Amino acid sequence: MSALPPLMRDQRPIDADHLRLLAIFHFVAAAFALAGIAFLFLHYSLMHMAFADPRAWKTQPQGITPMQFMAIFRWFYVVFGLWFILSGVINVISGFFLRARRHRTFSLVVAGINCLYMPFGTILGIFTILVLGRGSVREMYEARRLG
């Protein structure tokens, strides 16, 4: 038995397809961030209705009032709302950069941030890091930058 050399295949179409899919999934991640903002608005509305009803709080001992609690809790909504907006914007930008084969480092940073979103963002982040870490993809970005 003779050892045959491995077949050489052109990696460029595979890389292009993976980058196209990653761009689409970054747009999907931005849509999930938009859905997160919608969820925050719904949650705030329900919480505000529950805490604003004085009949529900008549029998509770005195201390912090429900509206004082909601005032503190609003910071939660502001912080997470800004986080979702920022996440959506950077994922859209990264999606466009992936399609254009530009700013690889920016997309790697966004992939790292996406890893915080369990489980879908983590999967997207890991796959983005793996694809952008390939030597053939680096060459593709470098050729685009120089050309």
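Visitor: Leaving aside neighbours within four places in sequence, which residues is N91 in contact with?
Guide: H26, A29, A30, V110 and N114. Contact means heavy atoms within 4.5 Å. This is a predicted model, where local features need pLDDT of at least 70, side-chain atom pairs count only at pLDDT 80 or more, and totals for chains, interfaces and linings use all residues. Residues are numbered from 1 along each chain as its sequence is written, and side-chain values use heavy atoms, with hydrogens and water left out.

Visitor: Is N91 buried or exposed?
Guide: N91 counts as buried because its relative accessibility is 1%. Buried means under 20% relative accessible area, exposed over 50%, partly exposed in between (1.4 Å probe, protein chains only).

Visitor: What lies 2.9 Å from a polar atom of its side chain?
Guide: The backbone oxygen of S87.

Visitor: New topic. How many aromatic pairs are there?
Guide: Nine. Rings of Phe, Tyr and Trp (its six-membered ring) pair if their centres lie within 6.5 Å; planes under 30 degrees apart count as stacked, over 60 as edge-to-face and the rest as tilted. One of them is F27 with F96, edge-to-face, at 5.1 Å centre to centre and 65 degrees between the planes.

Visitor: Where do F27 and F96 sit?
Guide: F27 is in helix α1 and F96 in helix α2, 69 residues apart. Helices are DSSP runs (H or I, at least four residues), numbered from the N terminus. F27 is partly exposed at 25%.

Visitor: And F73 with F76, what geometry?
Guide: Stacked, with 5.1 Å between centres and 25 degrees between planes. Both lie in helix α2, three residues apart.

Visitor: Which residues do ring pairs link into a cluster?
Guide: Y44, F73, F76, Y77 and F80.

Notes
A polar contact is a pair of N or O atoms within 3.5 Å; within protein, one must be able to donate a hydrogen and the other to accept it, and residues adjacent in sequence count only if both atoms are side-chain atoms. Helices (H or I, at least four residues) and strands (E, at least two) are DSSP runs, numbered from the N terminus.
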